[in-house]
Amino acid sequence: FELDILLESANAAIRRVEELLDKFNRNVIRTDIPIRIEEHLTALHLRCIERLYGDHGLDVMEVLRKNAALALPVILTRLKQKQEEWTRCRADFNKVWGE
């Protein structure tokens, strides 16, 4: 059950980060001006990102706040890696529980 919650929060964060990166790429949001990341990502998205990096979570959040356009592609890659890992874990658990 907890794995399901982790996966859902990661999926939601991935969708939102992809939307935000798309806005940067289409110049809807300028990359030369710092943005207030809290206006674009919810507290749940930010918490998911912070948890993703464990002990370094607060450092990542600081970098994200200082330069979102630079940090978001790296964060998105990490989110997708963890999403795949958690999906595999869930599939493995489902096999064990099904037996």
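Mentor: Start with a cut-off. A residue is buried under 20% relative accessible area and exposed over 50%; in between, it is partly exposed. Keep in mind that this is a predicted model.

Trainee: Why does Cys 89 count as partly exposed?

Mentor: Its relative accessibility is 30%. That value lies between 20% and 50%, so Cys 89 is partly exposed.

Trainee: What makes Cys 48 buried?

Mentor: Cys 48 has a relative accessible area of 7%. The cut-off is under 20%, so Cys 48 is buried.

Trainee: Now the fold. What does the secondary structure of the chain come to?

Mentor: Four helices and zero strands. Read from the N terminus, the order is α-α-α-α. The C-alpha atoms fill a box of roughly 55 × 30 × 20 Å along the principal axes.

Trainee: How much of the chain is made up of buried residues?

Mentor: Of the 99 residues, 35% are buried.

Trainee: Which residues have the most contacts inside the largest nonpolar core?

Mentor: Ile 49, Leu 64 and Leu 79, in a core of 29 residues. Each of α1 (2-25), α2 (43-52), α3 (57-66) and α4 (68-98) supplies at least two core residues. The largest share, ten residues, comes from α1.

Trainee: Why would such side chains gather?

Mentor: In soluble globular proteins, nonpolar side chains tend to be buried together.

Trainee: What does Ile 49 touch, not counting residues up to four places away in sequence?

Mentor: Val 17, Leu 41, Val 60, Met 61, Leu 64, Ile 75 and Leu 79. A contact here takes heavy atoms within 4.5 Å.

Trainee: What share of the contacts with a separation of 6 or more comes from residues 24 or more positions apart?

Mentor: 62% in this chain.

Trainee: How far apart are the mean positions of the positive and negative charges?

Mentor: The chain has 16 positive and 17 negative charges, and their mean positions are 3 Å apart.

Methods. Residues numbered from 1 in each chain as written. Predicted model: local features only at pLDDT ≥ 70, side-chain atom pairs only at ≥ 80, totals over all residues. Heavy atoms only, no water. Buried < 20%, exposed > 50% of the residue type's maximum accessible area, 1.4 Å probe, protein only. Lys, Arg positive; Asp, Glu negative; His and termini not counted. Charge placed at Lys NZ, Arg CZ, Asp CG, Glu CD. Core = buried A, V, L, I, M, F, W, Y, C linked by side-chain atoms within 4.5 Å.
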